[in-house]
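Good morning, and thank you for joining this group meeting. Please look at the sequence and the structure as they come up, and I shall then walk through two regions.

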Amino acid sequence: MIIAKTIASVRTQVKEWKRDGLTVALVPTMGYLHEGHASLIDKAAEMCDKVVASDFVNPTQFAPDEDLEAYPRDFASDCELLTKHGCDMVFCPSVDEMYPDGGKTDTYVEILNDMPKGLCGRTRPTHFRGVCTVVSKLFNIVTPDMAFFGQKDAQQLAIIRRMAHDMSYGIEIVGCPIVREDDGLAKSSRNVYLNGDRRRAARVLSRSVALGQKLIADGEKDAKKIVAEMSALIEAEPLAEIDYVTAVNNLDLAPVDTISGSVLIAMAVFIGKTRLLDNFVVEV
C-alpha cells in the first residue's frame, strides 16, 4: 500500500491510474479505524479498481470547546487494517499540508439550508461546515469516481450527497450499512471510551432502534409516537442522557410527523461523557 503524505503525490498517482483506465474510490476517514471502516474499504474495492483512504483528523470540524488533541489516533494499526482489506493508497497529510495557514482557512464550503442545523448541528453549529470543506478538498485532490461513507453518520451522508449534487462533482456517493458489535452497538471510534457499566448501558441505543423498527413493522405510522417510545426506553437507562431522538425526511432532513416515503429515525445519546450515534432508515 502506498503511503502518501502530500497532495502532489496523491495527484500524481491518481493521474497514472486514470491514464491506465482504472476507476478510483475514496474513503474519507479520521483514522483510528475499525470494522466499520473496513466494510467501506471492502465495498470500495468491490466497486472500483483502486481505493484511496484518507487518514486525517480534520481541525476545521472541531469547535473551540472540543478537544481536538484528545481524538484517538493509531496510524500503524490503521495501515494494518487498510492493507488487509485491499486499500491501494492512504493519504495521511499533516495539518499544514491541508491548511497551510496554521490549520485555518479563509475559504469554506457550506450548505446554507437547514440540513446542517438540526440533529447533531443543534449542538455543533460549525461542524458540518468543516466536514464539507475537508471533503470538498479531498474530492479535488483525489478526483475519485465514487466516494464511500457510513450510514451511522446519517446526517453527514445526506449533507455530502447534497453538496456533491449542488457542486456538480460528478462523483457517486455510496452509503454503506452500519456495522455493529455482537451486542448491537454501532461500531465507532468512540466506543474505546466505554467500559464496564457504561459499555453495557450503551446497548440501549440499538435496543431503541429495534423498538422503533418493530413499531413500524407492526403498522405504526405516527412518527412522534415512535420517537416518544424510543426515547422512553433510553430514558429508563440511568447512565444514558438523550441529546436527540428524531424522525426526519432522509433526503433533506426536514422533520416529519408521519412515516411516509424515505424516513430517517436518528439519535445521539450520551453515555457518561461519550456521545454515541445510531439510526435506521425506513422506506414506505
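Predicted model: local features only at pLDDT ≥ 70, side-chain atom pairs only at ≥ 80, totals over all residues.

I begin with helix α9, whose buried residues are Ala223, Ile226, Val227, Met230, Ser231 and Ile234. Seen down the axis of α9, these buried residues fall within an arc of 130 degrees, so they line one face of the helix. In general, an α-helix has 3.6 residues a turn, so residues three or four places apart point the same way. Lys224 and Glu235, on the other side of α9, are exposed.

What covers the buried residues? The cover includes α8, β7, β8 and β9. Helix α9 itself spans residues 223–235 and reaches 18 Å from its first C-alpha to its last, close to the 18 Å expected. At its start, a side-chain oxygen of Asp222 comes to within 3.0 Å of the backbone nitrogen of Lys224.

Helix α8 contains Lys214. With a relative accessibility of 52%, Lys214 counts as exposed. Its C-alpha atom is separated by 9.7 Å from that of Ile226, 12 residues apart along the chain.

I turn now to the sheet. Here 6 strands form an open, parallel sheet in the order β1-β4-β3-β2-β5-β6. β1 and β6 stand at the edges, each with a single partner strand, so one side of each is left without a neighbour in the sheet. From one strand to the next, the twist averages 25 degrees. Strand β5 is joined to β6 by 5 bridges, and Gly150 stands opposite Cys176 in β6. Helix α1 packs on the sheet, touching β1, β2, β3 and β4. Helix α3 also packs on the sheet, and its direction makes about 165 degrees with that of β3.

How values were computed
Residues numbered from 1 in each chain as written. Heavy atoms only, no water. Helix = DSSP H or I, 4+ residues; strand = E, 2+ residues; numbered from the N terminus. Expected span 1.5 Å × (residues − 1). Buried < 20%, exposed > 50% of the residue type's maximum accessible area, 1.4 Å probe, protein only. Arc of directions from axis to C-beta. Contact = heavy atoms within 4.5 Å. Polar contact = N/O pair within 3.5 Å; in protein donor to acceptor, adjacent residues only side chain to side chain. Pairing = 2+ DSSP bridges. Axes fitted to C-alpha atoms, helices over the stretch in contact; angles between N-to-C directions.
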